[in-house]
Amino acid sequence: MIKHARLALPLAVAMAGSAMATSAAAEEINLYSARHYDSDEQIYKAFTEETGIEVNLLEGDSDQLIERIKREGVASPADVMMTVDAGRLWRAEQEGIFQGIESEVLAERLPDAMRHPEGKWFGFSQRARVIFYNRDNFDPSEIDTYEDLASLEFDDSICIRSSNNIYNQSLLASLIEHHGEEEAEAWAQGVVNNMARDPEGGDTDQIRGVASGVCDLAVANHYYYVRLLKSEDNADREAARKVGILFPNQDGRGTHVNVGGAGVVDGAPNPENAVRFLEFLASDEAQEIFASGNNEFPVVEGIKKDPILESWGNFNKDDVNISVLGENNPEAVRIFDRVGWR
Ligand code: FE
């Protein structure tokens with residue numbers, strides 16, 4: 001059984017007394033998760049069935065969970081923290097949330113790029129930040145790369161969300177890694193100059209902007225597009241059909257990917273169970289479910305993907321280590337500020 005709690009605001013509202021502090025002799029892990037997919041529960045159940053280890057779940061947003069673990073201090077029952085985006089995982093690391101672990105299973109199952117160099121956190125699913133174009137107004141052969149987005153010919157063409165969004169910060173962090181700060185700043189300036197409108201809304205709104213003709217091009221994570229394609233709402237599916245997807249930088253370093261990931265909490269009361277849980281997330285069984293919950297790509301090769309993702313075929317992924325996206329995050333934020341990317 002999954003004991004389930006949702007972190008309510010204000011943070012002072014405690015749940016530890018009810019679900020988590022009851023540590024009898026039973027094997028358990030206390031999982032703090034900022035992912036909210038129903039499919040994740042399937043994974044926890046499968047893990048418990050295989051190992052006999054119960055999963056006690058506390059859900060909240062990433063920053064809440066970090067604050068909570070810090071406030072709980074050495075008394076924190078947290079064993080594993082799970083969230084999305086390398087930038088957020090890195091922030092948790094900077095706050096001292098994670099401990100480095102060694103696991104042969106993870107070393108063998110996960111690609112290098114998906115493992116923090118000291119084993120502090122790991123990527124278990126991948127999301128591609130891609131370019132979308134209007135099928136009627138735009139010839140996709142005109143653009144190949146993220147770098148092209150800054151080109152003068154795309155003046156007044158691009159929809160992309162605000163710079164306070166972590167996905168854009170991680171994308172710019174990858175450009176800093178490949179080109180250095182100066183070129184990355186020139187790129188960001190070029191994109192600002194090419195915006196069709198001031199940044200507004202989330203990733204889905206950028207895709208809708210392409211569908212409605214406000215912009216020819218948009219940047220967004222792939223799964224927002226998949227959601228529109230699968231929507232029960234006719235208008236959503238209609239909008240998605242007007243939009244094409246393009247995986248940038250296929251002839252070079254590959255498309256920028258970000259992750260859903262997790263790490264073992266420093267001072268975890270059940271560290272061995274926590275490691276077993278992470279190892280389970282890398283299993284074939286969990287990989288298929290973990291990625292499918294949000295229409296993401298599994299990190300382990302050969303796992304069955306969602307049919308829509310499967311239809312796109314394979315694409316080259318930028319294999320920069322996920323920790324780099326965090327390390328370059330502060331510089332990315334400063335660059336966005338300097339170029340006036342709202
Ligand atoms: Fe998202």
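**View 1. The largest pocket has a volume of about 370 Å³.** Here a pocket is an open set of points on a 1 Å grid over the protein atoms alone, with protein on both sides within 12 Å along at least five of seven lines. Its volume is the space filled by probe spheres set on the points, which are joined across faces, edges and corners. Of the 19 lining residues, Gln126, Pro298, Val299, Glu301 and Lys317 sit closest to the centre; lining residues have an atom within 4 Å of a point. The lining splits into 10 nonpolar, four polar and five charged residues. Ala, Val, Leu, Ile, Met, Phe, Trp, Tyr, Cys and Pro count as nonpolar, Asp, Glu, Lys and Arg as charged, and the others, Gly among them, as polar.

A word on the model: it is predicted, with local features needing pLDDT of at least 70 and side-chain atom pairs pLDDT 80 or more, while totals for chains, interfaces and linings use all residues. Residues are numbered from 1 along each chain as its sequence is written, and side-chain values use heavy atoms, leaving out hydrogens and water.

**View 2. Strand 2, helix 2 and strand 3 build a right-handed β-α-β unit.** Right-handed means that, with the strands pointing away from the viewer, the path from the first strand over the helix to the second runs clockwise. Helices (H or I, at least four residues) and strands (E, at least two) are DSSP runs, numbered from the N terminus. Strand 2 (residues 28-33) and strand 3 run parallel, joined by six bridges; strands pair if DSSP finds at least two bridges between them. Among the partners, tyrosine 32 bridges to leucine 58 in strand 3. Five of the six residues in strand 3 (residues 54-59) are buried, that is, under 20% relative accessible area with a 1.4 Å probe and protein chains only (exposed is over 50%, partly exposed in between).

**View 3. Cysteine 159 and cysteine 215 form a disulfide.** Their sulfur atoms are 2.2 Å apart, and a disulfide is a pair of cysteine sulfur atoms within 2.5 Å. The S-S torsion is about -105 degrees, so this disulfide is left-handed. It links distant parts of the chain, 56 residues apart: cysteine 159 in strand 6 and cysteine 215 in the loop between helix 8 and strand 7. Both cysteines are buried.

**View 4. Aspartate 156 has a positive phi of about 65 degrees, though it isn't a glycine.** Most residues other than glycine have a negative phi. Aspartate 156 lies in the loop between strand 5 and strand 6 and is exposed, at 52% relative accessibility.

Definitions and conventions:
On a 1 Å grid over the protein atoms alone, a cavity is a set of points where a 1.4 Å probe fits but cannot get out, and a pocket is an open set with protein on both sides within 12 Å along at least five of seven lines; lining residues have an atom within 4 Å of a point.
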